Amino acid sequence: MAKHKLKPIETNYVPSQVEEEVLAYWKKNHIFEKSVENRPENNSYSFYDGPPFITGLPHYGHLLGSIVKDVIPRYQTMKGKRVRRVWGWDCHGLPAENKVEKQLGINSKKEIETLGIDKFIAACKDYVGNVSAEWEWYVDHIGRWVDFKNAYKTMDTDYMESVIWVFHKLYDKKLIYKGQRVSLFCPRCSTPISNFEVAMDNSYKDVTDPSVFVKFKLKGEDKYLLAWTTTPWTLPTNFALGVAQEETYVQVTSNGESLILAKSRLTATFGDEKVKLENEFSGSDLVGLEYEPLYTDYPAKPQDHQVYAANFVSQEDGTGIVHIAPGFGEDDTALGKEHDLTVAESVDEEGKLDPKITVAAGKFFKSADKLILTDLQARNLVFKLESIIHSYPHCHRCETPLIYKVQKAWYLDVASLKKQMKATNRDINWVPGHFKHGRFELGIDSAPDWCISRTRYWGAPIPVWECVCGEVFVPSSIRDLEDWAGKKITDLHRPDIDNVTSKCTKCGSLAHRVPEVLDSWVEAASMPYGQRHYPFENEKEFLANFPADFITEYTGQLRAWFYVMHVISNALFQTHCFKNVIVQGVIMGNDGRKMSKNYGNYPDPKDYIVKYGADSLRLYLMGSPIMVGQDIIISETDWQEQLKTTLMTLWNSYKFFINYAALDNWEPKIEMEQVPTKLDLWILSRLNETVLEIDKQLGAYQIPRAVATIKPFVSDLSTWYIRRSRDRVGPTTLDKTDRNLAYSTLRTVFVVLSQAVSPIIPFLSEFIYRHLTGEASVHLADWPAVGTPEVIDQNLIRNMAEVRRIVEAGHAFRKTNNIAVKQPLAELTVKGNFEDITIDNQLIQLIKDELNVEEIKFIGGNQLEVDFDTKLTDHLIKKGRARELVRAIQEARKAAACRLDEVIAVVLPDWPVEFEDYLKQQTLVRQITRGEALTVVRGE
Ligand SMILES: [Zn+2]
Ligand SMILES: [Zn+2]
């Protein structure tokens with residue numbers, strides 16, 4: 001054991017002070033770097049960091065994620081693993097483009113093109129280049145160890161080259177196709193959006209839309225089919241109506257008009273209005289009927305404007321007759337395809353209606369609603385117009401309402417991978433487990449083919465060069481592309497990459513790159529390859545660390561990052577991408593709503609980290625059900641509670657030990673000199689039990705279960721071990737052997753405990769460990785080896801629990817009978833069932849001391865009951881008086897600022913003479929003289 005002089009601690013626990021000091025120490029001494037490099041290269045534990053989007057300030061979700069990403073690697077490092085941790089930035093995609101558009105004061109693709117793509121891209125590069133320095137503050141101050149300086153960026157040429165390689169591989173495997181499918185489309189951003197992008201942060205919002213019942217006149221008859229829609233702007237492209245074949249439909253008269261609708265929707269449609277039932281028939285009777293088109297802006301086919309059977313017609317809303325606009329909506333488009341109906345692409349890239357639509361030519365689709373409704377009303381084709389509040393998908397970036405629109409795009413054939421994705425999911429350890437076959441697998445089941453192209457600018461290019469003759473070139477590397485194009489490639493971004501062309505090897509025409517860029521989720525999914533520039537570099541390192549041992553993100557990523565990573569690794573390597581995954585929940589604002597600056601519903605993270613410290617935040621979040629995928633409401637009280645109940649208690653316990661040990665010039669000895677007391681053995685058993693449990697739970701990624709052991713242990717240490725050891729230590733102690741035993745025990749407790757809790761509370765544990773041992777860092781230590789079951793005396797733990805129950809009952813008795821603990825009593829009778837319990841003399845003594853009683857008698861009984869002999873003899877009264885005086889003198893010593901080992905004299909008006917020696921010994925008093933009031937006399 002290295003010689004290390006113990007220093008007392010003067011202050012109370014101030015988290016920011018401790019944490020700033022530790023942070024500065026770590027930085028100055030490169031402790032993080034050492035913690036990685038100290039471990040053998042061939043024993044790695046791989047962790048993949050999901051890249052956050054580069055702009056903005058971190059929010060609680062980021063902090064939470066970062067803490068988890070710190071706890072597990074710190075633990076694995078102590079278990080001997082080398083855990084490389086490199087930060088990553090997600091740079092590309094709509095989020096950045098939207099911000100840059102705002103900065104430049106432009107608001108559409110047209111304006112970008114007018115400005116010039118080169119200028120726009122330059123602005124994007126600038127924007128993501130200015131990584132907020134604030135991030136580093138947060139990452140440091142929550143105690144996350146990660147290589148921030150060498151962060152990978154998805155916009156780096158190396159990274160993009162790996163992405164191009166990934167695309168090439170997928171293309172080679174015939175997993176990529178260009179298709180025309182319905183998908184979500186943002187009319188402001190003019191690009192397809194993945195359904196999982198909308199799902200992940202719940203970009204569904206309640207909006208008010210028109211709810212309109214439109215009359216479609218049957219050809220040659222004076223009857224109307226009544227259909228319902230909330231998107232009047234699609235009515236000019238209505239080419240069919242859908243009905244449910246099996247349902248019953250009726251013809252009714254309302255205000256002299258004959259209307260046809262589903263019977264089950266009568267009440268909902270007419271309410272209290274009395275309508276006359278004219279006729280009743282089945283849905284199949286309606287199939288094939290022709291009706292007059294509302295609009296004739298587009299030429300129609302003979303099969304258009306008829307009633308078709310459709311299996312998606314709901315009886316839950318509307319009229320049971322559905323307006324069909326092929327090209328908008330998946331069902332509509334499928335039905336249109338089935339019957340070869342006209343598809344009119346009536347909305348352009350910017351969400352504006354086709355000039356052909358006379359009633360609302362060139363209008364933004366949302367503003368076309370009103371014009372179309374006014375027109376239909378004028379022609380008496382609207383039965384009823386109301387409004388409806390419903391949940392509608394919005395662009396996750398610009399918040400524009402999205403539309404389902406048929407579009408040409410590049411797709412990844414997920415359907416053909418599903419079986420394998422489900423098979424390899426079996427090899428993933430999900431925490432909590434229910435996500436495995438729950439949301440994750442269901443997500444795979446229901447996933448459509450992945451629309452991987454964006455008709456945008458700032459992203460990795462779709463690396464496909466096409467020729468008019470149909471010849472296609474898909475390079476696998478920059479080198480490959482350079483050879484083909486015969487020129488040096490320095491930037492893979494648009495517009496430079498668009499200018500790379502070459503003569504087609506087949507026909508000699510000039511082949512051009514397709515205009516789209518990749519969905520930035522393809523880049524995020526390529527992180528395992530891109531971060532190491534695989535396969536162009538680091539092949540060995542890549543292979544040794546793939547699949548990852550561990551990843552973690554929040555529930556939103558079940559259908560996003562977790563999913564896309566799984567898709568790509570299955571497509572490329574027929575394997576899963578990560579072995580263990582912790583799914584975090586979401587932190588909600590204190591009013592239960594999403595956290596928002598506008599609502600002011602959460603404490604500012606920076607202020608509160610300074611106020612309560614990061615260790616308390618880590619204890620709070622890591623101990624909460626958010627670590628098993630549940631959402632929580634942020635609670636300042638719960639955060640503060642960690643500080644008060646656990647950290648301050650731990651600090652004060654340590655302070656008690658170190659200050660007395662320092663005062664006594666105690667030095668640790670390697671071996672214990674004598675047999676430990678039951679109290680010592682008990683706390684050591686509890687320590688080992690706790691360490692073993694933390695080890696087991698962190699190893700199983702069950703962080704809250706590991707955290708749950710800390711507070712009870714700290715409480716046992718403080719409210720029982722230290723409480724019952726107070727008289728064993730310090731200058732008034734007579735039995736130095738026993739005193740040393742207590743110090744040795746406490747030293748073991750603090751060394752081992754600080755090691756075991758260091759992954760969770762890295763700051764305070766570091767402070768205690770270094771302060772106590774003088775060693776470089778707790779985070780360079782190995783996992784404590786003491787946590788083996790053999791050193792846990794379960795019997796003793798059980799017996800001590802019984803002792804504490806008796807003590808608790810004793811205190812309760814004194815309280816109800818109003819007898820202060822400082823008044824000694826003659827006898828305690830304990831009634832109870834002690835068959836499996838052994839309360840030996842040492843334990844009995846603990847009870848006597850704690851309850852201040854001279855004798856204890858045990859008698860049999862079913863339930864624990866205690867009873868004191870409350871008769872006060874002259875002896876007991878004097879003894880109580882002496883104890884009262886000890887307390888009073890100790891208070892007076894404190895008030896006079898005496899050193900703990902300072903010997904003093906006192907003046908007392910009166911004291912029980914037979915307890916004079918006891919008084920003097922307990923309070924380091926040399927002499928007592930009689931006088932008027934209690935007075936401390938120093939320096940004599
Ligand atoms: Zn948008
Ligand atoms: Zn060609």
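Are Cys-186 and Cys-189 buried or exposed? Cys-186 is buried, and Cys-189 is buried as well; buried means under 20% relative accessible area, exposed over 50%, and partly exposed in between, with a 1.4 Å probe and protein chains only.

Before I go on, some ground rules. This is a predicted model, where local features need pLDDT of at least 70 and side-chain atom pairs count only at pLDDT 80 or more, while totals for chains, interfaces and linings use all residues. Residues are numbered from 1 along each chain as its sequence is written, chains are lettered from A and ligands numbered from 1 in the order in which they are written, and side-chain values use heavy atoms, without hydrogens and water.

Now the zinc sites. Cys-186, Cys-189, Cys-395 and Cys-398 coordinate the zinc ion (ligand 1) through their SG atoms at 2.2 to 2.4 Å. Donors here are N, O and S atoms within 2.8 Å of the metal (3.2 Å for Na, K and Ca); water is not among the atoms, so sites may look incomplete. The spacing of these donor residues in sequence is C-x2-C-x205-C-x2-C. Cys-189 has a relative accessible area of 0%, whereas Cys-398, at 22%, is partly exposed.

The angles among the 4 donor atoms of ligand 1 are 103 to 119 degrees, and the site is tetrahedral. For four donors, that word requires all angles to lie between 85 and 135 degrees. The ideal angle for four tetrahedral donors is 109.5 degrees.

What are the protein donors of the zinc ion (ligand 2)? They are the SG atoms of Cys-467, Cys-469, Cys-504 and Cys-507, 2.1 to 2.3 Å from the ion. This arrangement is tetrahedral because the 4 donor atoms subtend angles of 99 to 114 degrees. Along the chain, the spacing is C-x1-C-x34-C-x2-C. Cys-467 sits in the loop between β18 (465-466) and β19 (472-473), and Cys-507 in the loop between β20 (502-503) and β21 (510-513), 40 residues apart. Strands are DSSP runs of E with at least two residues, and helices are runs of H or I with at least four, numbered from the N terminus. Cys-467 is buried at 8% relative accessibility, but Cys-507 is partly exposed at 39%.

How many disulfides does the structure hold? The count is 0, a disulfide being a pair of cysteine sulfur atoms within 2.5 Å.

Last, a sheet. Three strands form an open sheet in the order β28-β27-β29, with mixed pairing; strands pair if DSSP finds at least two bridges between them. β28 (853-860) and β29 (865-869) are at the edges, each with a single partner strand, so one side of each has no neighbour in the sheet.

Conventions: Four donors count as tetrahedral if all angles lie between 85 and 135 degrees; four count as square planar and six as octahedral if opposite donors are over 155 degrees apart and all others between 65 and 115; anything else is irregular.
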